[in-house]
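Reader: I would like to learn how to read this structure one feature at a time. Please start with the strands.

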Amino acid sequence: MTALTLPIGKSPIDRSAGSSAGLVVLISGRGSNLQAIINAVRAGRLPAEIRAVIGHEHGAPGLARARTAGVPTHVISHRDFSTRDQFEQALIDRIDPYSPRLVVLAGFMRILGKSFIDHYAGRLLNIHPSLLPAFPGLHTHARALQSGVKYHGASVHFVTPDVDGGPVIIQASVPVRPDDTPEILAERVLQEEHRIYPLAIRWFIENRLSIRDGEVLLDGRQRPEQGLPRPGSAATIS
Ligand code: GRF
């Protein structure tokens with residue numbers, strides 16, 4: 001069970017009080033979740049300011065999306081560092097001057113170490129394309145099809161050193177159809193990712209989230225809109 005200190009989301013380096021909340025988004029590639037967040041901010045659905053987008057590959061399409069949106073971008077390549085600690089310290093040195101209230105992993109495909117995660121404890125989110133705790137790790141859609149589950153989906157969670165194991169804020173499930181391929185299923189899940197990630201970020205910014213006994217509460221209790229299945233409910237039946 002993960003112990004996080006309450007209230008979450010507060011940080012001594014948060015200088016954003018009173019203005020819209022600052023976000024720094026970390027990506028690896030396509031950046032469609034980043035785009036969903038950009039769109040939500042633009043549409044007034046997310047009271048946030050994306051202060052920077054950081055990638056680790058120069059050609060990542062997500063960086064181009066950020067530039068188009070007028071968001072500063074940076075590339076920090078893990079290949080320029082001899083250890084993961086040095087790479088992660090370089091990330092921290094790039095992120096912290098932006099004073100983000102929240103650091104958002106949006107398809108960031110590098111596993112982060114404990115010191116990075118501890119540095120942003122309680123204000124580091126990730127989206128994972130499965131109904132966690134099912135299918136942590138890679139190739140989730142193919143594994144879901146192979147296992148024969150009837151429902152698959154996506155989860156937004158707080159990041160802890162337990163990879164894909166942090167407290168889940170919101171989940172969205174989609175049906176698995178008999179003729180699905182991993183690509184078709186991934187696209188169905190992705191539509192839900194684009195809906196739930198901006199929503200989870202908004203709940204965080206609005207200070208509506210708390211954690212009790214490893215469970216994320218919305219306004220003090222677990223609510224249906226979090227989509228978290230109770231044991232034995234339809235979404236958990238495989
Ligand atoms: C998404 O499926 C996300 O859940 C996973 O990586 C993918 C990133 O897609 N962590 P995109 O870069 O946001 O389009």
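Reader: Which residue in strand 6 stands opposite leucine 125?

Author: Strands of a sheet pair through backbone hydrogen bonds, either parallel or antiparallel. Here phenylalanine 158 in strand 6 stands opposite leucine 125. The model is predicted: local features need pLDDT of at least 70, side-chain atom pairs count only at pLDDT 80 or more, and totals for chains, interfaces and linings use all residues. Residues are numbered from 1 along each chain as its sequence is written. Helices (H or I, at least four residues) and strands (E, at least two) are DSSP runs, numbered from the N terminus.

Reader: In what sense do strand 5 and strand 6 pair, and over how many bridges?

Author: Two strands pair if DSSP finds at least two bridges between them. Strand 5 and strand 6 are antiparallel, with four bridges. Strand 6 also pairs with strand 7 (residues 168–175), again in the antiparallel sense, over seven bridges. Valine 156 has isoleucine 170 of strand 7 as its bridge partner, and histidine 157 stands opposite valine 168 in strand 7.

Reader: In what order do the seven strands of the open sheet stand?

Author: The order is 3-2-1-4-5-6-7, and the pairing is mixed.

Reader: How many of the eight residues of strand 6 are buried?

Author: A residue is buried if 20 or more other C-beta atoms lie within 10 Å of its own, exposed if 12 or fewer, and partly exposed in between, with C-beta atoms placed from the backbone. Seven residues of strand 6 (residues 151–158) are buried, so the strand is largely enclosed by the rest of the structure. In the protein, buried residues make up 39% of the 238 residues.

Reader: Why does leucine 105 count as buried?

Author: Leucine 105 counts as buried because it has 21 C-beta neighbours inside 10 Å. This leucine 105 is found in strand 4 (residues 102–105). Two residues are in contact if their C-beta atoms, placed from the backbone, lie within 7 Å. Leaving aside neighbours within four places in sequence, leucine 105 is in contact with Leu26, Leu125, Asn126 and Val159.

Reader: Which residues of helix 2 are buried, and which are exposed on the face turned away?

Author: In helix 2 (residues 61–68), the buried residues are Gly62, Leu63 and Ala66. They lie on the same side of helix 2 because they cover an arc of only 105° around the axis (the arc is that of the directions from the helix axis to the C-beta atoms). The face turned away from the buried side carries the exposed residues Ala64, Arg67 and Thr68. Among the elements covering the buried residues are helix 1 (32–42), strand 2 (48–55) and strand 3 (73–75).

Reader: How many residues surround the ligand?

Author: A residue is near a molecule if its C-beta atom, placed from the backbone, lies within 6 Å of it. Here 15 residues surround the ligand, the closest being Arg30, Ser32, Asn33, Gly107 and Pro129. Helix 1, strand 5 (124–128) and helix 6 (182–205) each supply at least two residues of this shell.
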